[in-house]
Each structure stands twice: as structure tokens, then as C-alpha cells.
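I opened my notebook to keep track of what I looked up in this structure. Here are my entries, in the order I wrote them.

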Amino acid sequence: MVARAGQLGFALAGVGPVRPSARAEFFRRWLAEGRHGDMAYLATTLAERLDAARVLPGCVSVLVVADRYAPRGHVDLPRSGALRGRVARYAWGRDYHRAMKRRMHVIADEMRLRHPGHEFRSCVDSAPVNERELAVAAGLGWIGKHTLLIHPVHGSWLLLGAMLTTLDLGGPDAAEADHCGTCTRCIDACPTKALEPYRIDARRCISYLTIEHRGVETAGFAPQMDQWLVGCDVCQEVCPHNSARGADHPASSPGVNHDPRFDGFDLLEVLLWDETARRIALRTSPMKRVKLELFKRNALVALWSRFVSTGEVRLRQAVEDCAWNAAEHPLVRQTARRLLGLAGG
Ligand code: SF4
Ligand code: SF4
């Protein structure tokens, strides 16, 4: 299976045992402290996330695959001017869910022919499994202090997919050691101080605030958003395991190649989008799931972060225009008013 995954273009693949998570207490405490924010589904599916055998009854093993979406040493050079809303690198390519699942289904179909009577279920953000822990069990790396999987050679610009199976696939002789050591770069660099070693407070994380959070920006982090429109890459950008090193492997996985249409958006243009413009701009992108009002809310917050650092009057004016535009979605109007410090925000 691992060799077949390589033939199909996955940058990484490994197999490992499926066992109940050893970190159940950690996750329960994390949820009890409310650090998951609005992501109620993490609590309602906790039992499955702690034990993948609840997702596929009888499963004993997992094949974990990974596509790389950026090479080590990748630098995000500003291309589209000072008002560019930044997009996290994972979303720069075409929708990876389909591209990864298509290839995983090829492997699953072949395995079903060879092992009738066994079950295979592929998941790419489509089932409540903890892909990072499964990847560690499959020997693909360790979970860094920024809570993401790091492979010792490829770093952490990785998209993960997991195939659960009732077939015993064996596993690595030993887990990959934790190579974070005394480093704290990700924790120090996080603009909103969302990280402690190996623990994140999602309510402070820009990725959560721009993708998962559905309401008005109330956390007060607008000045720190640094023009992030969708997601945030800061903790991975500073990680030494993503730095340039020797002859690197190109990010060449099928379906996730960089599409320049998606690596940033003009913030003032986004504020003028209607639903049709949003659909056209985000067609084939994983960002197509971000609703129009959330995209505009994010654009307002990103514009405000720029206004706070430059004092450019036209940026404040754009926010004011949204605040008083009766045709705007209430979330957009309220966000604009809150940023302006007005009542009713
Ligand atoms: S994604 Fe950004 S905001 Fe979230 S933990 Fe990493 S650096 Fe902090
Ligand atoms: S920046 Fe340092 S501490 Fe953070 S994940 Fe990378 S190696 Fe670990």
C-alpha cells in the first residue's frame, strides 16, 4: 500500500496500528476549558476522535498519506500589492479533498479485490478521526509544539488523509522522536499568542478566527491579524523544520499545485463581491466553503489591521462604507461598526 501510494503521487505514506488515543485526558481538559471555541463538533465527536475503531468498527490499522503543498524554505513574496489579503498556503491549490480521495479510492479498490472480506474507509476531513495522531502511529513524524505534524525531512506543509481498515497492516518499529527540543519559535512568533507548548487556544488562533468562527470579530485581535484573510502560516513559517535545506523535493503532488488566483485577494475588491463574484473567484478552491459574509468580515478585519499600522484614511473610509450600507449582510455591518468602535457593533 505504501509503495502504491508513492506511485499515485503522495509525498508520504505509512501504515500503523489503530489504538485508543493515549491523550484522552488532555483532549477532555482542552474541551472543558473551552479552547475549541465554536467548534462544538470536536466535543460531540470526541469518542470517535479518541478511537478510530468507532468510525470503522473492527478497524485495526491505518494507511496515512500526505500531499505536500509547499517545499521547505518556501517564501511567501507579496505579489499583489499592499492591500493583499493573505491566504494560508494549504489553500493555494485546487480543492485537495477530491484530489486526495480519488487516489485513496484507487488504493482502497485494489485492496478490496486482494482482500475480500476486509473493509477500507478513506477520510480526508470527512470523518471525525485524529489524522495527526494516526500519522504519528504510522511513523510519519511527530506533533510539534505548534500542534501540527512535522516530518523530519519534509517539514509540516502537509495535507493528511487516513484510510482505516480491518486488515492488519503492521506498523513502524518505533515512533519518530520529537525534534522540537528547546525551540520555542512558533510560540514566540504567534501574532495572537494562541500557543503554549503542544497546546493551542483555538479562540485566539487566526486560522480559527478566519475559517471556523462564524460571528462578529469580538476577540480584539484585529490589529494583530497582519492582513490574514483565510488561515495563517506564521507558526509554520518560522519552524526550523520548514527551512530551506540542501536539495529539497518539489511540492509536486497532483491536485495541490499552486494556483496564483488563490494565493491572495485584494481586500477592497473582496468588499465589493456579491455571491456570484465569490463563486467565480473561489471555484475549484478549498476556500469555496467560506461563505460570502465571512470572507467580507475577514477582509474588513484585515483592512483594519492595515489601517492600524498605516493610518491610511481610505481604508477607514472603506470600513465606514460597510458599516452604513443597509444592503450588506448584518455580520459585515456589525463587524465594521465594532471595528470603528461604534454602538450596535
Ligand atoms: S496559525 Fe497563526 S494564529 Fe494560529 S497558532 Fe499558528 S501562528 Fe498562531
Ligand atoms: S518552531 Fe520549534 S518548537 Fe515550534 S514546532 Fe517547529 S521545531 Fe517545534
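Entry 1: Before anything else I wrote down a cut-off: a residue is buried if 20 or more other C-beta atoms lie within 10 Å of its own, exposed if 12 or fewer, and partly exposed in between. I also reminded myself that this is a predicted model. Then I looked up Tyr198, which has 15 C-beta neighbours inside 10 Å, so it counts as partly exposed. Tyr198 sits in the loop between β8 (195-196) and β9 (199-200). Its phi is positive, about 65°, although Tyr198 is not a glycine.

I found another positive phi at Thr284, near 70°, and Thr284 isn't a glycine either. Thr284 is in the loop between α11 (275-282) and α12. I counted 13 other C-beta atoms within 10 Å of Thr284, so Thr284 is partly exposed.

Entry 2: Then I traced an open sheet of four strands in the order β1-β2-β7-β4, and its pairing is antiparallel. Why do β1 and β4 each have one side without a neighbour in the sheet? Because β1 (12-17) and β4 (120-123) stand at the edges, and each has a single partner strand. On average, neighbouring strands of this sheet are turned by 20° against each other, direction ignored.

I zoomed in on one pair. Strand β2 (residues 61-68) and strand β7 (residues 158-165) run antiparallel and are joined by eight bridges. Leu63 has Met163 in β7 as its bridge partner.

**Entry 3: the core.** Which residues have the most contacts inside the largest nonpolar core? I wrote down Val62, Val64, Leu300, Leu303 and Val319, in a core of 92 residues. Helix α12 (residues 292-310) gives the most to this core, with nine residues.

**Entry 4: the three-stranded sheet.** I found an open sheet of three strands too, ordered β10-β3-β11, with mixed pairing. Its edge strands are β10 (228-230) and β11 (264-266), each pairing on one side only. The twist here averages 40° from one strand to the next.

I went through the pairs next. Strand β3 (residues 84-87) runs parallel to β10, with two bridges joining them. Val87 stands opposite Val230 in β10, and Arg86 stands opposite Trp228 in β10. I saw that α12 packs on this sheet and touches β3 and β10, its direction making about 170° with that of β10. On the other pairing, β3 and β11 are antiparallel, over three bridges. Gly85 has Phe265 in β11 as its bridge partner.

**Entry 5: the two ligands.** Which residues come nearest to ligand 1? Of the 13 around it, I listed Cys190, Cys205, Cys232, Val234 and Cys235. The elements giving two or more residues to this shell are α8 (206-212) and α9 (234-237). The shell around ligand 1 divides into ten nonpolar, three polar and no charged residues.

For ligand 2, I noted that the residues surrounding it include Lys145, His146, Cys180, Cys183, Arg185, Cys186, Cys239 and His241. The shell around ligand 2 divides into six nonpolar, four polar and two charged residues.

Notes. Residues are numbered from 1 along each chain as its sequence is written. Chains are lettered from A and ligands numbered from 1 in the order in which they are written. This is a predicted model: local features need pLDDT of at least 70, side-chain atom pairs count only at pLDDT 80 or more; totals for chains, interfaces and linings use all residues. A residue is near a molecule or strand if its C-beta atom, placed from the backbone, lies within 6 Å of it. Ala, Val, Leu, Ile, Met, Phe, Trp, Tyr, Cys and Pro count as nonpolar, Asp, Glu, Lys and Arg as charged, and the others, Gly among them, as polar. Two strands pair if DSSP finds at least two bridges between them. Axes are lines fitted to C-alpha atoms, for helices over the stretch in contact, and angles run from 0 to 180 degrees between N-to-C directions. A nonpolar core is a set of buried Ala, Val, Leu, Ile, Met, Phe, Trp, Tyr and Cys residues joined through C-beta atoms within 7 Å. Two residues are in contact if their C-beta atoms, placed from the backbone, lie within 7 Å.
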